[in-house]
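Please take the sequence and the coordinates that follow as the starting point for a guided reading.

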Amino acid sequence: MQKIEHIGIAVKDLQASNSIFEKLFGAPAYKSEEVASEGVMTSFFRNGPNKIELLEATNPESPIAKFIEKRGEGIHHIAFEVDDIYAEIKRLQSEGFLVLNEIPKKGADNKLVAFLHPKSTNGVLIELCQEIRE
């Protein structure tokens, strides 16, 4: 793993949360997009070299809706950038981590993503991200 790619925050109201983070960082989101397969709308903010992803559920069955129902708004995941997501999945499985996506899927911000179950990472959902290379 190279670095923290972003921190994902589950929110109930993306528009209201965008306003809060615009004031916090002094700049608007640099990107917003829907990830229909995950039932979320996202906004991305930069703060120096760091990125924050806000996630709002677009349907009541999405993972974000279930997370908020169970835990409320807050940090949902920490994403780490990797060079080779396929090799990293195999490595982490061999180390005993419970991988939720053995085959990476397309995520937001032009990334292939896979997640590690919080049961194997001290209660923290970990996302692996690799830039999609054309």
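Which residues are buried in H3? In H3, they are Ile85, Glu88, Ile89 and Leu92, where buried stands for a relative accessible area under 20%, exposed for one over 50%, and partly exposed for what lies in between, with a 1.4 Å probe and protein chains only. The helices (H or I, at least four residues) and strands (E, at least two) are DSSP runs, numbered from the N terminus. This is a predicted model, in which local features need pLDDT of at least 70 and side-chain atom pairs count only at pLDDT 80 or more, while totals for chains, interfaces and linings use all residues. Residues are numbered from 1 along each chain as its sequence is written, and side-chain values use heavy atoms, with hydrogens and water left out.

Seen down the axis of H3, the buried residues fall within an arc of 105°, so they line one face of the helix; the arc is that of the directions from the helix axis to the C-beta atoms. An α-helix has 3.6 residues a turn, so residues three or four places apart point the same way. On the other side of H3, Lys90 and Ser94 are exposed, whereas the cover over its buried residues includes S7 and S8.

After H2 comes Gly72, with a positive phi near 85°.

The next topic is the nonpolar cores, a core being a set of buried Ala, Val, Leu, Ile, Met, Phe, Trp, Tyr and Cys residues joined through side-chain atoms within 4.5 Å. The largest nonpolar core has ten residues, namely Val82, Ile85, Ile89, Leu92, Val99, Leu112, Ala114, Leu116, Ile126 and Leu128. Two or more residues of this core come from each of helix H3 (85-94), strand S7 (111-116) and strand S8 (126-131). Apart from this core lies another, of nine residues, among them Ala10, Phe44, Ile68 and Ala108. Val99 is in contact with Ile89, Gln93, Phe115 and Leu116, once its neighbours within four places in sequence are left aside.

How much space lies in the largest pocket? The value is about 780 Å³, for a volume defined as the space filled by probe spheres set on grid points that are joined across faces, edges and corners. On a 1 Å grid over the protein atoms alone, where a 1.4 Å probe fits, a pocket is an open set of points with protein on both sides within 12 Å along at least five of seven lines, and its lining residues have an atom within 4 Å of a point. Of the 36 residues that line the largest pocket, Pro63, Ile64, His76, Phe115 and Leu125 are the closest to its centre. H2 gives the most to this lining, with six residues, and the elements that each supply at least two residues include S1, S3, S4 and S5.

Some residues in loops and end segments complete the picture. Tyr30 lies in the loop between helix H1 (14-25) and strand S2 (31-35) and is partly exposed, with a relative accessible area of 33%. Not counting residues up to four places away in sequence, Tyr30 touches Phe44, Phe45, Arg46, Lys51 and Asp109. Asp109, found in the loop between S6 and S7, is buried at a relative accessible area of 9%, and its phi is positive, about 60°, although it is not a glycine. Asn122, in the loop between S7 and S8, likewise has a positive phi, of about 55°, without being a glycine, but Asn122 counts as exposed at 81% relative accessibility. In the segment before S1, Gln2 is partly exposed, with a relative accessible area of 41%, and it touches Glu81 and Asp83, residues up to four places away in sequence not being counted.

Key. Contact means heavy atoms within 4.5 Å.
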